[in-house]
Amino acid sequence: MAMHPLRKQRLAIVVFILLAAAAAAAFLGYALRENINLFYPPADIAAGKAPLDRKIRAGGMVAEGSVQRATDSLKVRFVVTDYSASVPVQYEGILPDLFAEGEGVVVTGQLAADGVFYADDVLAKHDENYMPPEVSDALEKSGKSAPYSGQESTGL
Amino acid sequence: MANWAWFHKWGSPRWFYQFSGRLLPWLAVPGLLLFIGGCVWGLLFVPPDFKQGNSFRIIYVHVPAAAVAMGAYMFMATAAAVHLIWRMKLAAMVMKVVAPIGASLTFLSLVTGAVWGKPTWGTWWVWDARITSVLILFFLYLGIIALHQAFENREAAAKACAVLAIVGAVNIPIIYWSVEWWYSLHQPASIKFIGESTIHPTMLRPLMATLSGMYLLFGWLVLLYTRAEIIDRERNTRWLQDMLLTDRPADSAERGA
């Protein structure tokens, strides 16, 4: 039962190293808490927390019915929302395959003074739900929302 | 201290060498069957995903590689603590052999993640919290390998590596919760310890097979490399020379003696 006093002392040193490392990581995380986020959600942009005319990222869901494509070019406009605020986005280029209304997206570009986000890169953000197409069809038909939807259904 | 006897047994390389030799096939055979079987099952017989189509199938390699890379680190950090506290030779050997295996698994998870990211997200790489913290895990493994080789003295090397391994252990919960704590491109975990997993059971079963297979293969590799390390370190001991000589054909044993 009893532990050798020397080993007990070494155990204390190991616990101390672990606690010190955890504290250092916590301070580092606290100092960098905003910078570690990959993107600004629309709520932060609406609150004026995002800088203008500087390269930043915004992320959220592509609002239903918001995607407007130009007929003669690759220009596209859509609205990114987190359901509390939204940001209009303008982009010209090829969109990722998983880009769709109601899906998550992360856009890189500049926020202009007119409130429009001019994106030069669009990434699709998919959620953690995986199911066969038949299952998703059956769920849609029955009008139920997916049982495989975690708390992160906003994709944020 | 009779109740510590089970523990002190692990301090004997000789006992471990004989015990691990019997264990090897029990890890390698089910490990290979589960991993290869799970891959075939997941790649050929599971329906495609409703959104990602076939590209989701890389999950059957990506998730096991990433999960075991993190599990391996915790195992290595535990061995490091055991070595620091009890000065157990075997723990130092285990710590040393886990680092390259863990580094390989981390590299595999980064590469499969990039290959998966291109068709789904639209990019190979992004500096989000999850991907960056896994890259740090890779550098921690490389750091431990390099630190080990930087010392002439085996004891000093083990001690320095043990401290680095323990300090680096704080990165593991950061990797795990990075997708919850910060906005990231990487999605949260689909396999949940509490509550229902968000991956359909037909897709989850082969994933469980490749995941458990990867753990068994990791255990097999750790035993294999630890045995090699024992042979290297204990080559001048009587028990090892006796054992290795008796394994050889009679004539070479005579010549060797």
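**Chain B and its interface with chain A**

Residues 97-117 of chain B are 100% helix and 0% strand, with end C-alpha atoms 31 Å apart. The model that contains this span is predicted, and its overall scores are ipTM 0.84 and pTM 0.89. The span is also one of those that UniProt, in an unreviewed entry, lists for chain B under "transmembrane region".

Taken along the principal axes, the C-alpha atoms of chain B fill a box of roughly 65 × 40 × 35 Å. UniProt, again in an unreviewed entry, assigns residues 18-185 of chain B to "domain: Cytochrome c assembly protein". In the model, residues 18-185 of chain B are 81% helix and 0% strand, and the end C-alpha atoms of this stretch lie 48 Å apart.

The contact between the two chains comes next. It draws 52 residues from chain B and 45 residues from chain A. The size of an interface is often expressed as the accessible area lost when the parts come together. For chain B and chain A this buried area is about 4,200 Å², and carbon and sulfur atoms contribute 66% of it. On the side of chain B, the residues that lose the most area to chain A are Phe50(B), Ile85(B) and Tyr183(B), which together account for 18% of what that side buries.

Polar interactions also cross the interface. The rule identifies 14 residue pairs in polar contact between chain B and chain A, both residues of each pair being at pLDDT 80 or more. On the side of chain B that touches chain A, the elements giving two or more residues are α3 (59-86), α4 (89-120), α6 (154-168), α7 (171-181) and α8 (201-233) of chain B. Of these, α3(B) supplies the largest share, 5 residues. By residue class, the side of chain B that touches chain A divides into 31 nonpolar, 14 polar and 7 charged residues. As to salt bridges, the rule finds 2 across the interface. One of them joins Lys51(B) to Glu103(A), with the closest N and O atoms 3.1 Å apart.

Finally, the confidence of the prediction should be considered chain by chain. Chain B has a mean pLDDT of 91, and 95% of its residues reach 70 or more. Within chain B, the pLDDT is below 50 over residues 250-257, a stretch that has 1 contact in the model beyond near neighbours in sequence. Chain A averages a pLDDT of 87, with 91% of the residues scoring at least 70. Over residues 147-156 of chain A the pLDDT stays under 50, although the model has 31 contacts beyond four places in sequence for this segment. Where pLDDT is low, the predicted coordinates should not be read in detail.

Methods
Residues numbered from 1 in each chain as written. Chains lettered and ligands numbered in written order. Predicted model: local features only at pLDDT ≥ 70, side-chain atom pairs only at ≥ 80, totals over all residues. Heavy atoms only, no water. Contact = heavy atoms within 4.5 Å. Buried area = accessible area lost by both parts, 1.4 Å probe. Salt bridge = Lys/Arg side-chain N within 4 Å of Asp/Glu carboxyl O. Polar contact = N/O pair within 3.5 Å; in protein donor to acceptor, adjacent residues only side chain to side chain. Helix = DSSP H or I, 4+ residues; strand = E, 2+ residues; numbered from the N terminus. Nonpolar A, V, L, I, M, F, W, Y, C, P; charged D, E, K, R; others polar. pLDDT = per-residue confidence, 0-100. UniProt positions renumbered as here; feature names shortened; annotations may be inferred.
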